[in-house]
Amino acid sequence: MRLIACEMKKVVYFPALWTFLMLSLVLNGLLILGNDDVRNYFDTEKDDSGAIIDASENVFEGYDTGVLASFYADIVRESPTAAGWIRKKYSLLQPRAEQLAKSGAALDHYAGKATYESHQLLFGTLMRAILAEGSICAMLVILYLMGYEQLNRTEGQVCASCKGRRLWMTKLAAAMLSAEALYVLLAGMTLAFYLGRWDYGGIWGDSVSSRFNYLTDMLYKRPFLTWHNFTVGGYLAASLSLGAGLVAVFGLLAAVCAMLLRNVYAAALVLGTVLFGGIGLGSLFSQCRVWAAYFVMTLQPSAVWLDVNVWFTESGIAAFIPWQETVAVVLNLAVCGMAVCGMFRRFMRRDLS
Amino acid sequence: MLSVERVTKCYGNLTALEDISLDLAQGVYGLLAPNGAGKSTLMKMLATLLFPTKGRILWDGEEIVAMGERYRGLLGYLPQDFGYYPNSTPRQFMRYAAALQKIPRAETDRRISRLLELVGLSDAADRKLKRLSGGMLQRVGIAVAMLNDPRLLILDEPTAGLDPGERVRFRNMIHSLAEDRIVILSTHIVSDIETIAGRIIMLRDHRLLCCDTPAQICGRFRGKIFQLPADAQIMPHQHVLSEGQGENGTVLRVLSEMPPEDGVAVAPSLEDAFLAIYASKREGA
């Protein structure tokens, strides 16, 4: 505990981190203020003509997910495997549509006319920004702590001490704790500002699958079909929790690069290349219609981050299995965790120059 | 007791050390060799920063790598290039080092104060490390290495950057510390160890040349070191070791198997022996 506190103290005295955090909060504030016009009709029950909006239509009643299955299977027709996965996913979604119809989720008001815009602002724009900033903070902290002794030429003394090379596991623990704390701080402050301006008072208990909410993928508009009955509050909590997992994935990925390359700058370069290159490769596979490879690329952390606005839904072409974002985060945590263990074992028997 | 058993260290095709065997008991050992001879490689292997390609290193019969934390717990190490956190004070830096050495918190401050006093840095204990001189930093390094009261103290070129006064002070300090522990001190400055080292370890051609007392090493050159006037004719079989100021002007110290004309036999110093050993290597090359 004493050493974890010492390592966390190094993070506290890392000026670039606090500068980045301040800039992130300013950006998030601007994103909120820039969408202020939606606030004017947030939670209103009247349409543009002033008539009360009819909320009695249950969009899930008689909804056939086979239409979506056919739509996407046709897009990925070059790959029978990918088409098979898509059909399987939508066949599993059919009972969910029936459950949502039975629960009357679509009849919930949510934010009325402003539902789509406010939902996209909170769960798309803001969550994407918070996750990006939290993940960058996590990677910065990991690279900083992992390379701290090398930068200060203290590595030899530290490795010859009683704690020795195991200090790097303590560093990893301290960095992950710091990264998650920074993510909570970023999310907390951003949401506090957002919720201070938008009144979610009567909304938290409404279903996110309200008929006012919808998804559009490849110009195809469809109801907000989730794999679980989520209220707005529950959906926010689930998104934030999975976001914490994703931040940990990015942190572990940075740790793998740092331990593999043993050079902070090279590790940062490789990390950036892997993350941005992964996004580019995903696009390339979809453009070239190599769907099996594209589906594998949707599991990478940067793809999961990009699709934050469709988390826990059928996600269209961005997912080929139910709960893909959750599965991807768990899988990435496991793979990166194992890679970190492997790197650590290698480091324990590696010559230090 | 520390035993080095037939240790070889290779970096790819380059052999840095070959077939080194040593047994070290209590006392000061001076590791004396020119730069690039493998001193730091040997020191780093003893500090478990490098691993032998062949052979093994034992502490009381147990392999040091297998001992892990138990071995490092009795080790104090000052690297050649002592690193520090520039914005910390010596006291803060030593507190961190104490946490790394798993020294109980209650005991930490007392030990730090005692060691800072020992190295003469009590007054600078709360000044930032980046504001301290090279000599003061080196003393912080020694204090850090002594924090866990090590049974094996490894000091890699510890006198680099120290002024003559600090050098003497350091020698005295090491001498007093060595009573109940093994101190291994690497240097290429002969005067650093001449008076305090019980044994001198010399490396040549990446191999162990000797591990003898200074007297034994000097004894090999008894009757072979002569002092000559600076203008004396130097024969091919004679090697000039050094030049200095005598009572009647500049004089040369020369290694020669036969007494040279006008030469006065002098008692060989450790520096003469060092220069003679490595001069013959240069000649051989």
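What share of the contacts in chain A with a separation of 6 or more comes from residues 24 or more positions apart? The legends below take up this question and others for a predicted model.

Figure 1. Residues 24 or more positions apart account for 80% of the chain A contacts that have a separation of 6 or more. Chain A comprises 13 helices and two strands. Along the principal axes, its C-alpha atoms fill a box of roughly 75 × 50 × 30 Å.

**Figure 2. Close-up of strand β6 of chain B and its pairing with β7(B).** Strand β6(B) spans residues 75-78, and both of its faces are covered. L75(B) and Y77(B) lie on one side, G76(B) and L78(B) on the other, and all four are buried. Strand β7(B), residues 152-156, pairs with β6(B) in the parallel sense over four bridges. Within this pairing, G76(B) has L153(B) of β7(B) as its bridge partner.

**Figure 3. Close-up of the contact between chain A and chain B.** Here 19 residues of chain A are in contact with 23 residues of chain B. On the side of chain A that touches chain B, helices α1 (2-12) and α7 (155-159) of chain A each supply at least two residues. Helix α7(A) gives the most to this side, with four residues. By type, the residues of chain A on this side divide into eight nonpolar, six polar and five charged.

Methods:
Residues numbered from 1 in each chain as written. Chains lettered and ligands numbered in written order. Predicted model: local features only at pLDDT ≥ 70, side-chain atom pairs only at ≥ 80, totals over all residues. Contact = placed C-beta atoms within 7 Å. Buried ≥ 20, exposed ≤ 12 C-beta atoms within 10 Å, placed from the backbone. Pairing = 2+ DSSP bridges. Nonpolar A, V, L, I, M, F, W, Y, C, P; charged D, E, K, R; others polar.
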